[in-house]
Amino acid sequence: MPRVSRRALLQLIGTGGLATAITPRQAAAEQAAAQATRAMPTPRIRDITVIETAPGGVRLTVVKITTDQAGLYGYGCATFTQRADLIKPAVERYLKPLLIGKTTDRIEDIWQASYMSSYWRNGPVLNNAISGVDQALWDIKGRQAGMPVYQLLGGKTREAVDCYGHASGNEIAQVINSAKGYIAQGFRHVRVQVGVPGMAGYAAGQGTVKPVVGLTPGPVFEPAYYVRRAMQLFEACRKELGDEIELLHDVHERVSPNQGVQFCKEAEKFKLFFVEDPVSPEDIAYFRQIRQQCATPIAMGELFNSPHEWQGLVAERLIDYIRMHISQMGGLTPARKVAAFAEQFGVKTAWHGPGDVSPIGHMANVMLGLATHNFGINEYSPFNARTQEIFKGCPVMKDGYLYASELPGWGIEVDEKLAAAAPFGAEQGERGRLNGGWGELRRRDGTVIKQE
Ligand code: MG
């Protein structure tokens, strides 16, 4: 570059020559910015609606944001099956008036404003409502950019997300057969759950034996029986399925804290991929005891709502997998921060992904998993034919891996007419009577216990 003397420079400024010299670069930059802006004018929120549908007998809630630009809209998962009817008014009566007219560009700002707007924060209804809005805004941004959301998060760090399937049964042999079915499909990870004879189980019935009768009507669950039965299951699985398959198990926090510690110690020899929820969120101080006494990998978090619940566990390295329900914590915006926070402490992600997550929510799990270096595992829940008709573009399962859509945004289109034809309220029996809520589970003496 030729040297310009101070005198010559002053002359240039004096005559306006410097301005002339710089202008082409400025003009080029301004032109590029203007072109980008003109090509993608800032959309504004025109309407926010709520889609409610239960195509698989589970109440799914999806928020749709429509913009002032023709054909530009987005969907977000706001599914809270046990209190499903409360999400729609939370969105329509509280978030919609706050957000109408705002630019969709400012996802972080809208998340923060929505989060503050209820004064009392981190309730499951409001967090799910915010998630519906948040994920819809990410969908819109992806559609604007012509990119799947994982690209906006930094792009792929893997080709697909490794998944675990749910193998369950009343008898141990049934569980092993179910696990073999997943292994035959190519799965490398299987969650195994078995019923306790005569007692209410999780993902398993009471079997053919006579139900245990308690002092109150209804199903009975005794933690000590369950713990012994689970150890028998792990032993049989290792014998029948070998050492190569990764086994997972969910305690569902249905034992006392001390039993949770014992469970993890006794399970250590079976080298499980992880034990999930050995104690409840109310008893998280017990994770320190588990850590001190065994090296069984621990997954925790699907019931968490608030950062206060997970920050200590992660920062103190007391768990191995962080497992929140992404809509329950408020959407993709907080979830990607949690993933980045966990990475600093060697904790991996295992987002909650059962049937009570909509396909939009599952796609968010998959896309965040693709873009997260410290991804651990993805929970797999198959989509039935009706669900796939309503949600066109669900993640695709192959050989135990889920593949994301390569279309812009979440890559999913919702058929709202078909969704309306599968309304809430189709559940049979007790679940129907409780409007999708959960019933009671008691010990033999009638003591009600925590369940999930
Ligand atoms: Mg669980």
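Two residues are in contact if their C-beta atoms, placed from the backbone, lie within 7 Å. By that rule, M367 touches P148, V149, Y150 and A404, leaving aside residues up to four places away in sequence. The structure is a predicted model, in which local features need pLDDT of at least 70 and side-chain atom pairs count only at pLDDT 80 or more, while totals for chains, interfaces and linings use all residues. Residues are numbered from 1 along each chain as its sequence is written.

**Whole chain**

- The chain has 17 helices and 15 strands; helices (H or I, at least four residues) and strands (E, at least two) are DSSP runs, numbered from the N terminus.
- Along the principal axes, the C-alpha atoms of the chain fill a box of roughly 100 × 50 × 45 Å.
- Of the 452 residues in the chain, 43% count as buried. A residue is buried if 20 or more other C-beta atoms lie within 10 Å of its own, exposed if 12 or fewer, and partly exposed in between, with C-beta atoms placed from the backbone.
- Among contacts in the chain with a separation of 6 or more, 70% come from residues 24 or more positions apart.

**Nonpolar core**

- A nonpolar core is a set of buried Ala, Val, Leu, Ile, Met, Phe, Trp, Tyr and Cys residues joined through C-beta atoms within 7 Å.
- The largest such core has 117 residues, of which V133, I319 and M367 touch the most other members.

**The sheet β1-β2-β3**

- Three strands form an open sheet in the order β1-β2-β3, with antiparallel pairing. β1 and β3 are the edge strands, each pairing on one side only.
- From one strand to the next, the twist averages 20 degrees. Axes are lines fitted to C-alpha atoms, for helices over the stretch in contact, and angles run from 0 to 180 degrees between N-to-C directions.
- Two strands count as paired if DSSP finds at least two bridges between them.
- Strand β1 (residues 45–53) pairs with β2 over 8 bridges in the antiparallel sense.
- β2 and strand β3 (residues 73–77) run antiparallel and are joined by 5 bridges. I65 has G74 in β3 as its bridge partner, and K64 stands opposite Y75 in β3.
- The hairpin of β2 and β3 has 5 residues between the strands, with G71 in the turn at a positive phi of about 80 degrees.
- Strand β2 (residues 60–67) is mostly covered, with 7 of its 8 residues buried.

**Helices on the sheet**

- Helix α3 (residues 87–99) packs on the sheet and touches β1 and β2; its direction makes about 175 degrees with that of β1.
- Helix α14 (residues 359–371) also packs on the sheet, touching β2 and β3, and its direction makes about 85 degrees with that of β3.
- α14 is mostly covered: 13 of its 13 residues are buried.
- The 13 residues of α14 reach 18 Å from first C-alpha to last, close to the 18 Å expected at 1.5 Å a residue. The expected span of a helix is 1.5 Å times one less than its number of residues.

**V213**

- V213 is found in the loop between β5 (189–194) and α8 (223–241).
- V213 is exposed because 10 other C-beta atoms lie within 10 Å.
- V213 and G198 are 15 residues apart in sequence, and their C-alpha atoms are 8.6 Å apart in space.
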